[in-house]
Amino acid sequence: MSEQNPQVMLETSMGNISIELFKDKAPITVRNFLSYVKEGHYDGLIFHRVIKDFMVQGGGMTENMETKKTKFAIKNEATNGLKNTRGTLAMARTAMVDSATCQFFINTVDNAFLDHTGKQPDRFGYCVFGRVLEGMDVVDQMRAVKTGNKNGHSDVPLEPLFIKSARLIEQEA
């Protein structure tokens, strides 16, 4: 029997979002994400970047826009064939290909321009490592919030969108 993919429950200030993680397609990324979940890293952080027809991003900043300490950056697994379609989770990163740590985003629309199309840094893409199983209605509520500028960051929700907790969902064998 094949092992089930791990699932995580994101409890947010707008409702719950359950996520399936693709450990076979993005093993490094999933292991990294789960290590942050198990340490309680995401608890109390916010979704600090919301762009309605693009994505909602979180997992790295406090309500005061302070960056929470991270572990080392991981290898970008964007070559795994998964696409940045609506409802998928991908790792946020800088312009450097292998710079993702703890921040992730949920695609609110199909974002083909984020997919891997080549080895060059500007075409390498963003690693999809999971998808929303339940709670896209919550994500759709999030993407509709009013945003503005805060502490040098743009597209910040005016009312903080909290990640109350992120927990591994224990599954029946």
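Trainee: Where does K150 sit?

Mentor: K150 is part of strand β8, which covers residues 147-150. Keep in mind that this is a predicted model.

Trainee: Is K150 buried, exposed or partly exposed?

Mentor: K150 counts as partly exposed, because its relative accessibility is 30%. The cut-offs here are under 20% for buried and over 50% for exposed.

Trainee: And what does K150 touch, leaving aside neighbours within four places in sequence?

Mentor: With those left out, K150 is in contact with E63, M65 and V156. For E63 there's a polar contact too: a polar atom of the K150 side chain lies 2.8 Å from the backbone oxygen of E63.

Trainee: How far is K150 from H48?

Mentor: In sequence they're 102 residues apart, but C-alpha to C-alpha K150 and H48 are 9.5 Å apart in space.

Trainee: H48, okay. Which residues does Q103 contact, again leaving aside neighbours within four places?

Mentor: H48 is one of them, along with Q57, G58, G59, G60, M91 and A92. Q103 itself lies in the loop between β5 (88-91) and β6 (104-107).

Trainee: What does its side chain pair up with?

Mentor: The side chain of Q57: a polar contact of 2.7 Å joins it to the side chain of Q103.

Trainee: Switching topic. How many disulfides does the count come to?

Mentor: The count comes to 0.

Trainee: Tell me about Y42, then. Where is it?

Mentor: Y42 lies in the loop between α1 and β3 (46-51). Its relative accessible area is 0%, so Y42 is buried.

Trainee: What's packed around Y42, not counting residues up to four places away?

Mentor: Y42 touches F33, Y36, V37, G59, C102, F104, I163 and A166.

Trainee: Which residues touch the most other members of the largest nonpolar core?

Mentor: Y42 is one of them, together with I17, F104 and F129, out of 36 residues in that core. The largest share, 5 residues, comes from helix α1 (residues 27-38). A second, separate core has 7 residues, including A90, F105, L114 and V128.

Trainee: Last one. Which residues of helix α2 are buried?

Mentor: In α2, residues 136-143, the buried ones are M136, V138, V139, M142 and R143. They're on the same side of α2, because they cover an arc of only 150 degrees around the axis.

Trainee: Why do residues three or four places apart point the same way?

Mentor: An α-helix has 3.6 residues a turn, so residues with that spacing point the same way.

Notes. Residues numbered from 1 in each chain as written. Predicted model: local features only at pLDDT ≥ 70, side-chain atom pairs only at ≥ 80, totals over all residues. Heavy atoms only, no water. Core = buried A, V, L, I, M, F, W, Y, C linked by side-chain atoms within 4.5 Å. Buried < 20%, exposed > 50% of the residue type's maximum accessible area, 1.4 Å probe, protein only. Helix = DSSP H or I, 4+ residues; strand = E, 2+ residues; numbered from the N terminus. Polar contact = N/O pair within 3.5 Å; in protein donor to acceptor, adjacent residues only side chain to side chain. Contact = heavy atoms within 4.5 Å. Disulfide = S-S within 2.5 Å. Arc of directions from axis to C-beta.
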